[in-house]
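Please read them with the structure open.

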Amino acid sequence: MTSTTAARGLYLITPDEPDTARLLARTAPLLPGVTWLQYRNKVVDAATRHAQATALQALCLAHGVPLIVNDTPALARSVGAAGVHLGEDDGAIAAARALLGPDAIIGASCYDQFALAERAAAEGASYVAFGAFFPSASKQNTRQARPALLSEAATLGVPRVAIGGITPDNGRALVQAGADLLAVISGVYAAPDPLAALQAYRACF
């Protein structure tokens, strides 16, 4: 399994952008300041997702940033991505590990439940993600996580990701509570100045 224990910083997640050229143009300037990039697009068809993931993988390789694909281990394998992020309905960690290999980064959504994180770590997850911590445009009506979960999960020995409505103002407290990575979509992509927003998130660390 890839060593992710030192992973720290901004975990940028792509928005639902149907235009591949625009997605790349919006993402490329941000990659030098990103620890991991997750490709997530809930609105395009499978062919477009494959094309976008392929293009992002090339971009990420050029910048030395691991690309993690949301939901779909087969797509991650097809484009040579560094790994996959699994929600609770996206299949077993063991199956993704078998498909992607021992060095893949495999993340698991654990929402507001330490028990899910415990199980994910035991099954070989590379990191655990908790959230939403705050109201979020991309995770509406979701379960609300407590910052204390981040410190409780220190015993699991894998990086802890915080997601959901995180801003540079509230992110610092989550880092202090134990978050190794802050996962953000609109806080960067929808900001008036995405590069300035990215630097503000990085300052939380």
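1. Secondary structure. The protein chain has nine helices and eight strands. Keep in mind throughout that this is a predicted model.

2. Overall dimensions. The C-alpha trace of the protein chain spans about 40 × 40 × 30 Å along its principal axes. For 205 residues, a compact globule would have a radius of gyration near 17 Å; the protein chain has 15 Å, so the two agree.

3. Burial and contact range. Of the 205 residues of the protein chain, 52% count as buried. Take the contacts between residues at least 6 apart in sequence: 58% of them join residues at least 24 apart.

4. The main core. The largest nonpolar core has 57 residues. Which of its members touch the most others? They are L37, F130 and L182. L37 is worth a look in the viewer. Leaving aside neighbours within four places in sequence, L37 is in contact with Y11, L12, T14, T27, L31, L56, C60, V65, P66, L67, I68 and Y189.

5. Aromatic pairs. The structure holds three of them. One is Y11 with W36: the ring centres are 5.3 Å apart and the planes stand at 90°, so this pair is edge-to-face. Y11 sits in strand 1 and W36 in strand 2 (residues 36–39), and the pair thus links distant parts of the chain, 25 residues apart. Are these two residues buried or exposed? Y11 has 1% relative accessibility, so Y11 counts as buried. W36 has 4% and therefore also counts as buried.

6. Salt bridges around E17. The structure holds six salt bridges. E17 takes part in two that I would check. The side chains of E17 and R22 meet at 2.9 Å, N to O. Those of E17 and R26 meet at 3.0 Å, N to O. R22, at 46%, counts as partly exposed. R26 is partly exposed as well, with a relative accessible area of 23%.

7. The K42–D71 bridge. K42 forms a salt bridge with D71, and the closest N and O atoms are 2.5 Å apart. K42 lies in the loop between strand 2 and helix 2 (46–63), and D71 in the loop between strand 3 (67–70) and helix 3 (73–79), so the pair ties together parts 29 residues apart in sequence. K42 has 47% relative accessibility and counts as partly exposed. D71 is partly exposed too, with a relative accessible area of 22%.

8. A salt-bridge network. R8, R160 and D180 are linked in a network of salt bridges.

9. Helix 9. Which residues of helix 9 (residues 194–202) are buried? They are A197, L198 and Y201. Seen down the helix axis, these buried residues fall within an arc of 100°, so they line one face of helix 9. What covers the buried residues of helix 9? The cover includes strand 1 (9–13), helix 7 (168–177), strand 8 (181–184) and helix 8 (186–189).

10. Points to look at again.

Note on methods
Residues are numbered from 1 along each chain as its sequence is written. This is a predicted model: local features need pLDDT of at least 70, side-chain atom pairs count only at pLDDT 80 or more; totals for chains, interfaces and linings use all residues. Side-chain values use heavy atoms; hydrogens and water are left out. Buried means under 20% relative accessible area, exposed over 50%, partly exposed in between (1.4 Å probe, protein chains only). Helices (H or I, at least four residues) and strands (E, at least two) are DSSP runs, numbered from the N terminus. The arc is that of the directions from the helix axis to the C-beta atoms. Contact means heavy atoms within 4.5 Å. Rings of Phe, Tyr and Trp (its six-membered ring) pair if their centres lie within 6.5 Å; planes under 30 degrees apart count as stacked, over 60 as edge-to-face and the rest as tilted. A salt bridge is a side-chain nitrogen of Lys or Arg within 4 Å of a carboxyl oxygen of Asp or Glu. A nonpolar core is a set of buried Ala, Val, Leu, Ile, Met, Phe, Trp, Tyr and Cys residues joined through side-chain atoms within 4.5 Å. The radius of gyration is taken over C-alpha atoms; the globule rule is 2.2 Å times the number of residues to the power 0.38.
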